[in-house]
Amino acid sequence: MRAARESGSLGFMKHRIRLAAWIALMVPLVTLAAKADLDHGAALFGQCVGCHHADGGGDSNGSTPRIAGQHFRVLAKQLVDFRYGRRWDFRMEGMADKHHLVGAQDIADVVAYVSQLPQPRERGIGSGEFVEEGGRIYAAQCKSCHGAEAQGAESGVPRLAGQHYGYLMRQMYDAVDGRRPALSRLHGKRLAPLDFEQVRAVADYLARIGGPQP
Ligand code: HEC
Ligand code: HEC
């Protein structure tokens, strides 16, 4: 739908302006990580608890992700992606705008606060039937970037361990279907050959590992 709406030269110009704005916000964020104000971040996080909850744990049915303990760069990039239309979700596009988070400092503060929250115990999991297969697929195809324990990396690779099953499922299908344009095409290509059961297997495996166990 969006592709159609933004097609033509006007769409292309809008895309370029948004990309410039995306870069202008992303670059200072990286250096602001060390200078973030956690008290201000906690106050800003008050705007997020209605959906992500006070512990940053999200919903175990996967409608809202766990964000507590996720790496600074990963969180910051997602907010900037939502703000400039590089990731689509009507709830988050509204929250990542200038009315809720004015500039780079606000984003750095709230993200620093969220990333230092302890990882919650509760997570939504799958049926358990395919966990072993999920572990095998993960080790062969995902571990090289997302890490041996699916802990991700500070450099901007998301922690997947302990994330809700339903959310992981949705992100993988969104990536394959091109609904998450900031996830590289290469990433989508890695996920595309997996059949439904294999996607379920990886998501279930990831949801069950890492962090304090329930
Ligand atoms: C109205 C509900 C709602 C509110 C309020 C909200 N979020 Fe979200 N958030 C969501 C949903 C739903 C998603 C998952 C979107 C998707 O499926 O792609 C999400 C995703 C995210 C992600 C991406 C996580 C990941 O692993 O990629 C980040 C970061 C995030 N939110 C941060 C925030 C922050 C910070 C605030 C407060 C300023 C906030 N959210 C407020 C509903 C909300
Ligand atoms: C070449 C490195 C690389 C490989 C291999 C890789 N990923 Fe990723 N993955 C990333 C990066 C980087 C991101 C974050 C992209 C962004 O910033 O939006 C990501 C994002 C994700 C997300 C979204 C996380 C969130 O919180 O929303 C999921 C789910 C995911 N990867 C699953 C997988 C699975 C499953 C595999 C193996 C089949 C895999 N990845 C292989 C680098 C990789």
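**View 1. H2 passes H5 in a right-handed crossing in this predicted model.** A crossing counts as right-handed if the near helix is turned clockwise from the far one by less than a right angle, and as left-handed if anticlockwise. The helices shown in these views are DSSP runs of H or I with at least four residues (strands are E runs of at least two), numbered from the N terminus. Here the axes of helix H2 (residues 8-32) and H5 come within 10 Å, and they cross at roughly 160 degrees. The two helices are therefore roughly antiparallel to each other. Axes are lines fitted to C-alpha atoms, for helices over the stretch in contact, with angles from 0 to 180 degrees between N-to-C directions. Angles under 35 degrees count as roughly parallel, over 145 as roughly antiparallel, 65 to 115 as roughly perpendicular and the rest as oblique. From H2, look for Trp22, Leu25, Met26, Leu29 and Val30, which meet Arg73, Ala76, Lys77 and Val80 in H5. Two residues are in contact if their C-beta atoms, placed from the backbone, lie within 7 Å. By class, this contact of H2 with H5 has seven nonpolar, no polar and two charged residues. Ala, Val, Leu, Ile, Met, Phe, Trp, Tyr, Cys and Pro count as nonpolar, Asp, Glu, Lys and Arg as charged, and the others, Gly among them, as polar.

*Reading the views.* Residues are numbered from 1 along each chain as its sequence is written, while chains are lettered from A and ligands numbered from 1 in the order in which they are written. As the model is predicted, local features need pLDDT of at least 70 and side-chain atom pairs count only at pLDDT 80 or more, whereas totals for chains, interfaces and linings use all residues.

**View 2. H5 also meets helix H7 (residues 104-115).** Their axes come within 9 Å and cross at roughly 135 degrees, which makes H5 oblique to H7. H5 passes H7 in a right-handed crossing. On the H5 side you will find Phe72, Leu75, Ala76 and Leu79, facing Ile107, Ala108, Val111, Ala112, Val114 and Ser115 in H7. The contact of H5 with H7 comprises nine nonpolar residues, one polar and no charged.

**View 3. Helix H3 (residues 38-45) crosses H7 at roughly 90 degrees.** The axes of H3 and H7 come within 7 Å, and the angle makes H3 roughly perpendicular to H7. H3 brings Leu38, His40, Gly41, Ala42, Leu44 and Phe45 to the contact, and H7 brings Asp106, Asp109, Val110, Ala112, Tyr113 and Val114. Eight of the residues in the contact of H3 with H7 are nonpolar, two are polar and two are charged.

**View 4. Ligand 1 has 22 residues around it.** The shell around ligand 1 holds 11 nonpolar, eight polar and three charged residues.

**View 5. Ligand 2 is surrounded by 19 residues.** The closest to ligand 2 are Gln141, Cys142, Cys145, Pro158 and Gln171. Two or more residues come from each of helix H9 (143-146), helix H10 (165-176) and helix H11 (185-191). Sorted by class, the shell around ligand 2 has 11 nonpolar, six polar and two charged residues.

Methods: A residue is near a molecule or strand if its C-beta atom, placed from the backbone, lies within 6 Å of it.
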